[in-house]
Amino acid sequence: MTNARRPLALWFGAWLLGLIVLSTALGPMLWGLPVDQMDLAARNQGPSAAHPLGTDQLGRDLLARVLAGGRISLGVGALAMLVSVALGTAIGVLAGMVRWLDGPLMRLTDLFLSLPLLPLVLIAITLFRAPLSAAFGPETSIFVLVVTVIGATSWMPTARVVRGEVLSVMGRSYVMAARSTGTRGVTIATRHVLPNTRSAIIVSATLSVAAAIITESTLSFLGLGFPPDFATWGRLLFDGTAYLSDYPGRALWPGALISLSVLAIVYVGDGLRDRGDPRNLR
Amino acid sequence: MLNYTIRRLTMALPTLLAISLIVFALMELAPGDPMARLPLSISPEVKAQMREALGLDAPSHVRFGKWLWQLGVVEPSVWIDNLFGTALAEGQTRMISWQTRGPVMELIGQRLPQTLWVVGLAYLVGTMLALPIGIWSAYRQYSAFDQIATGVSIIGFAVPPFFSGVLLILLFSVHLEWLPSVYDTTLQVSGWDSFTQQLRQMALPVAVLSLQTTAQISRYMRSAMLDHLGQDYVRAARARGVSEGGMLLRHVLPNALVPVVSVIALGLPQIFAGAIVTEQIFRVNGVGHLLITSIQANDLPTVQTITVLLAALIVVSNLIADLAYGALDPRIRYD
C-alpha cells in the first residue's frame, strides 16, 4: 500500500475505535434502560423509538445489552492484552538481555506455540470456573479467569518480536557506552532497551487486543465463556443465532460490532507499524 | 538433509512429551471429581471401588505413565491388530471414555471422517483460491483487483468464523433458501442425488473455513511474489523474450512458493481449531463437536486424547514446514 494512504487508515481506525469505545463506555449512562430488565409484554419486538434495536425473547432491550456487552468484550480485550503484553515483554527482554536465559525461554515460547490453544483455553475455563466462582462470586471470577487464561496463552508473538528488537538494541553503541560506565542491567533495560522497543510493543499490543476480543467471543459463542445471563458480544451473537430466521438483527448487531472493533484495531496497528518503521519515513 | 530430519524428529518427541505433560497437569490441578456427578445414594465404599476400577486411586505420576503407555503403545497396536488381524493388544486396557464407557479411539474414529472431509476440502479450496489471487495481486500491485483482494483478506481476518458462518446461513439458507444450514450426518452417499445433497450441505462449512485460509495464504503469496518480481532475474527473463505468463509461472512462482508452502503446512492446526467453531454452527458431528460435548460432560480421557492428538498435528505440521523449506530450496543447507 502507498504511504499516502496509511495515515488515512490510521485515522479511520482510530476514529472508528474511539467511537465504539466511547459509545460503550458512556452508552449505559446516556441510554438509561437497564440491561436485565425483562418486559414479557414487549417480547421479540422490532426496532421502534422505545427500543431502537428491538427486544429479545425476554423483552430485554437489545441496544442496552449490546452496549453493556461491548464494555465486557472490550474490557476483556484490553485487560487480556495487558497481561499478554506484560508477560511477552518480560520474557522477550529477559531472553534478549540475559544470554543464558535466551535458550530456555525461546524453547518455552516454541512449546507454547505448539500447544492446541483453543481446546486448552476451553478446558481451563471449564475446570476452574466452579471452584473460583465459589471463592470470588460468579461475575468477578469468570472475568478474571477469562482475562488470565487468554493473556497467559497469547504472549508468544510479543515475546518473539520484543526479543528480536532487544537483541538489535543491545548491539548499539549507546548500550555499550552505558555498560562501560557500569550501569546496572535493570537500568539499561528501563532507560535504553524498553524506550527503543516501544513501537514494536505497541504494535503487538494492538494485535493482541484484536486477538483477545476474538478469543473471548469464540469462548462465549461456544457456550463455555461467560454465563448465559451475562451480556457479551459473543454471547449475544450465540443467543441470537437461535432466532436467526425470524430476528436476524439480534445476531447481526453484536457480530458486526465484534468485526468493526477488530477491523478498527487492525487498522490502528497497521498505521502505527508504518509510523514506527523508519524505512517509511523517507 | 537426512541428519537434519533425524535431529528434527528427535526434537519433536520431547516437545510432544512436554505437551502431554502440560495437558495432563492441567487436568490434575483442576479441582473437580469425576465421581461428583454420581447420585448421592451411592455409598462411599462403592465410590472408592469405582475409583479403583477407573485407576483413579494411583498417584498422578503412575497415571501419567499409564496414560502415555495407552496413548503411545496400546492404541497403535489395536490399530495394527485391526489392520493385519494380529493380537498385539490382547489383554491390554484401552482408554475408556467416561461418557460412553467405550474406547476413546473408537469414538474419535467415528467422528474423524466428517471433520477430515470438511477441513480437507476447505483447505484444498482455500489454497487453490489463495495462490492465483496472491499471484495476480502481486503482478498487478495497487490495481483494483489488488485493492479488492486486500479488502477481502482484511475482512477474512476481522470477521471470525462464528460470524461469517451466521452471515452465510442468513444469506444462503434463510433468504435464498439454496443451501441447508444444518449438516445431516446420517446421509449416506449412495448415488448422484445423495452426492449432490452431500455437496450442498458441505458448501457452507467449507466456505466459512476456506475464507479464513484464503485470506491468510493469499497475503503471504502476494508478498512472496512481490519480493521476487523486483529481482534482476525477472528483468533478465523479460529481456530474453520470455512471455509474461511463462515468466510468472516458471521463473517467479517456484521461488516464491518456498516460504508459502511452509505457511500452508503451518496453517493446518489453525483450520482444525476453526473446525471446532464451524462444527458447532452447522452441527457437524465431527471431532470438534466431540471435544465440546466431552468438555461439557467432564469426560476427561476423551478431552485429553483429542487435545494431545491436536498437539501432535501441530508438531507434525511444524516438522513438515521445516523439512519442506529445505527440500524445496536447494540453497538451504542444514549442517
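Guide: Let's start with a term: helices (H or I, at least four residues) and strands (E, at least two) are DSSP runs, numbered from the N terminus. A:Leu30 sits in helix H1 of chain A, residues 6-30. This is a predicted model, where local features need pLDDT of at least 70, side-chain atom pairs count only at pLDDT 80 or more, and totals for chains, interfaces and linings use all residues. Residues are numbered from 1 along each chain as its sequence is written, and chains are lettered from A in the order in which they are written.

Visitor: Why is A:Leu30 called exposed?

Guide: Buried means under 20% relative accessible area, exposed over 50%, partly exposed in between (1.4 Å probe, protein chains only). A:Leu30 has 73% relative accessibility, so A:Leu30 counts as exposed.

Visitor: And what makes B:Ala297 partly exposed?

Guide: Its relative accessible area is 29%, and the in-between band runs from 20% to 50%, so "partly exposed" is the label. B:Ala297 lies in the loop between helix H11 (287-296) and helix H12 (300-328) of chain B.

Visitor: How do you know how much area chain A and chain B bury between them?

Guide: Buried area is the accessible area (1.4 Å probe) that two parts lose on being put together, summed over both. For chain A and chain B that comes to about 3500 Å², 86% of it on carbon and sulfur atoms.

Visitor: How many residues make the contact?

Guide: With contact meaning heavy atoms within 4.5 Å, chain A gives 39 residues and chain B gives 43.

Note on methods
Heavy atoms only, no water.
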